[in-house]
Amino acid sequence: MCSSCKTLNLSIDSLTILKTTSPRKVVKKRVIGIIHALSLNNSFKLEYLSLQRGRGIDRLVSVFPELEHSSQVRVMNILEDSGLVADLEKRQEESPQSEFSNFLQSSLHERKVVAEPQFQLYFNKLTQLHKQNKDLKPTPEFLQWLAQEANVRVEGHKDTRDISPENQNFDRQMLQARHEVFGNPNAMRKAYLDEL
């Protein structure tokens, strides 16, 4: 294992600590700064900052909504340097939350995340972000994908006996978020009637 990768393990573990404790903003910013510096190393990037392996990216996704503005900007710089979002010139007019929302939406509707735990994490954090900031708008591509995905999940699980209660609960939450967070809240009544 490369020396920067060993350092990365400490940094990735630091993100977990950030989520479970209440460190000062400056500490959060410094931890993210260390990860940003490490993201410039190709070995580190391949090992920790790819959607397929997910370890580092998933932890950044999990803490992003709770970060303050300057730390969110740093996370977006990490995603940019990792090639996961457009470069800085193309995204200067957007807020970090809007950029991050677009990253999560495209990761979902372009099926870049397929493992169920990672899929649920990305969708839940996207929902949390949109609940926190009502100015964020979903893209038409995401809305189209979400309508299909929510229906397939709810309908596909009706007759399946081996689906865990947790996954069934997530499927219902996804349908609910489709209407209440990303669409028309009044349409949720019809979705409940259709499900009955």
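Predicted model: local features only at pLDDT ≥ 70, side-chain atom pairs only at ≥ 80, totals over all residues.
Q: A salt bridge here is a side-chain nitrogen of Lys or Arg within 4 Å of a carboxyl oxygen of Asp or Glu; what makes K125 and E66 a case of it?
A: Their side chains come to 3.9 Å, N to O, and since the cut-off is 4 Å, the pair counts. The rule gives six salt bridges in total.

Q: Which K125 and E66 do we mean, and where does the salt bridge place them?
A: The salt bridge at 3.9 Å links distant parts of the chain: K125 sits in helix 8 (residues 116–132), and E66 in the loop between helix 4 (55–63) and helix 5 (69–81), 59 residues apart. Helices are DSSP runs of H or I with at least four residues, strands are E runs of at least two, and both are numbered from the N terminus.

Q: Why is K125 called buried?
A: Buried means under 20% relative accessible area, exposed means over 50%, and partly exposed is in between (1.4 Å probe, protein chains only). K125 has 10%, so it is buried. E66 has 40%, so the label there is partly exposed.

Q: How do you know that E110 forms a salt bridge with K112?
A: The closest N and O atoms of E110 and K112 are 3.0 Å apart, so the pair passes the salt-bridge rule. Both ends are partly exposed: E110 has a relative accessible area of 44%, and K112 has 35%.

Q: What makes R153 and E116 a salt bridge?
A: Their side chains meet at 2.9 Å, N to O. R153 is in helix 9 (residues 140–158) and E116 in helix 8, so the pair ties together parts 37 residues apart in sequence. R153 is buried, with 10% relative accessible area, whereas E116 is partly exposed, with 25%. Salt bridges that share partners join R111, E116, E149, R153 and D171 into one network.

Q: What is L121 in contact with, once neighbours within four places in sequence are set aside?
A: L121, a residue of helix 8, is in contact with D58, V61 and S62. L121 and R59 are 62 residues apart in sequence and 9.7 Å apart in space, C-alpha to C-alpha.

Q: Why is one aromatic pair called edge-to-face and another tilted?
A: Rings of Phe, Tyr and Trp (its six-membered ring) pair if their centres lie within 6.5 Å; planes under 30 degrees apart count as stacked, over 60 as edge-to-face and the rest as tilted. The whole structure holds 10 aromatic pairs. F119 and F170 are 6.1 Å centre to centre with 80° between the planes, hence edge-to-face. That pair links distant parts of the chain, with F119 in helix 8 and F170 in helix 10 (residues 165–180), 51 residues apart. Both of these residues, F119 and F170, are buried. F142 and W145 are 5.5 Å centre to centre with 35° between the planes, hence tilted. F142 and W145 are three residues apart in helix 9, so about one helical turn separates them. F142 and W145 are buried too.

Q: Which residues form one aromatic cluster with F119?
A: The cluster is made up of F119, F123, F142, W145, F170 and F182.

Q: How many helices and strands does the protein chain have?
A: There are 11 helices and zero strands. Of its 196 residues, 42% are buried. Among contacts with a separation of 6 or more, 63% involve residues 24 or more positions apart.

Terms used:
Residues numbered from 1 in each chain as written. Heavy atoms only, no water. Contact = heavy atoms within 4.5 Å.
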